[in-house]
Each structure stands twice: as C-alpha cells, then as structure tokens.
Amino acid sequence: MPALERLMTTVSTQGQIILPKAIRQALGWEAGEKLIVEQVREGVVLRPLPMFAATTPSEVFGYLRFGGASKTVEKMNAGIPAEAKRRHEGG
C-alpha cells in the first residue's frame, strides 16, 4: 500500500470503525489486537498495546536465573560479534 494513499471508513452508530484491510495487513494487526487510542491535534493515533508493561532494571533484576559459571566481561564482549555473525549467516 503506498504510504500516501488515502482510505476512508465510517463511524457506526455505536462508535465503531473498521480499519481498511490494507492498513491492518501492513501493520500486522489481527482481530482482537489491543490498541491505545490517543487524541492529538490532527485527530486520533492508534498504537498497539505493548505486550509487556514498561519496567526499570531494578524491577526485573535477578528474574532470570543462570546456573552456569560466570563469564568475564572479555568473554561476553568476544561473544557478541560471534553471535551477531552467526545470526547474520543464518547459523
């Protein structure tokens, strides 16, 4: 769908609208998708509801347990490019 293509919809008597299929497909929105509705000066913005609530590191620190030996910073730094290369090459 071209970015500047204008599509129309109608507000029903119950306040419902149908998003055109081309827009739903382009955004990957399926039936049942939860959306945030935000009123802005130009009209309304729809955004998908985040899957998880925003958190801070202190709120989630220690949630993922690791039973192996600790890694040094050097080993972690060496592993990052190796993993990026593996993912890029489809390994």
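Predicted model: local features only at pLDDT ≥ 70, side-chain atom pairs only at ≥ 80, totals over all residues.
I counted 14 residues along its lining, and Ile-17, Leu-19, Leu-35, Val-37 and Leu-46 sit nearest its centre. Two elements each give two or more residues to that lining: strand E1 (35-40) and strand E2 (43-48). Which of the elements gives the largest share? I noted E2, with 3 residues.

Next I looked up how much space the pocket holds, and I got about 340 Å³. Then I sorted the lining by residue class: 10 nonpolar, 1 polar and 3 charged.

**Whole chain**

I stepped back to look at the chain. It has 3 helices and 2 strands. Reading from the N terminus, I wrote down the order α-β-β-α-α. The radius of gyration came out at 22 Å, while the globule rule gives 12 Å for 91 residues, so I put the chain down as more spread out than a compact globule.

I also checked the box that the C-alpha atoms fill, and along the principal axes it is roughly 65 × 35 × 25 Å. How much of the chain is buried? Of the 91 residues, 2% count as buried.

**Between the strands**

I went to the loop between E1 and E2 and found Arg-41 there. Is Arg-41 buried or exposed? I have it as exposed, because its relative accessibility is 81% and the cut-off for exposed is over 50%. I then compared its place with that of Glu-59: Arg-41 and Glu-59 are 18 residues apart in sequence, and their C-alpha atoms are 35 Å apart in space.

**Salt bridges**

My count of salt bridges for the model is 3. I kept in mind that side chains of opposite charge can pair when their charged atoms come close.

One of them joins Glu-38 and Arg-47, and I read 3.2 Å between the closest N and O atoms.

**Helix H3**

Then I moved on to H3, which covers residues 73-88 and has 16 residues. From first C-alpha to last it reaches 23 Å, close to the 22 Å expected at 1.5 Å a residue. Just after the helix I came across Gly-90, which takes a positive phi of about 75°.

Shared partners join Glu-83, Arg-86 and Arg-87 into one network of salt bridges.

Glu-83 counts as partly exposed at 29% relative accessibility, and Arg-86 counts as partly exposed at 38%. Arg-87 is exposed, with a relative accessible area of 62%. The cut-offs explain the labels: exposed is over 50%, buried is under 20%, and partly exposed is in between.

Methods. Residues numbered from 1 in each chain as written. Heavy atoms only, no water. Helix = DSSP H or I, 4+ residues; strand = E, 2+ residues; numbered from the N terminus. Expected span 1.5 Å × (residues − 1). 1 Å grid on protein atoms, 1.4 Å probe; cavity = no way out; pocket = protein on both sides within 12 Å on 5 of 7 lines; lining within 4 Å. Points joined across faces, edges and corners; volume = space filled by probe spheres on them. Nonpolar A, V, L, I, M, F, W, Y, C, P; charged D, E, K, R; others polar. Salt bridge = Lys/Arg side-chain N within 4 Å of Asp/Glu carboxyl O. Buried < 20%, exposed > 50% of the residue type's maximum accessible area, 1.4 Å probe, protein only. Rg over C-alpha atoms; globule rule 2.2 N^0.38 Å.
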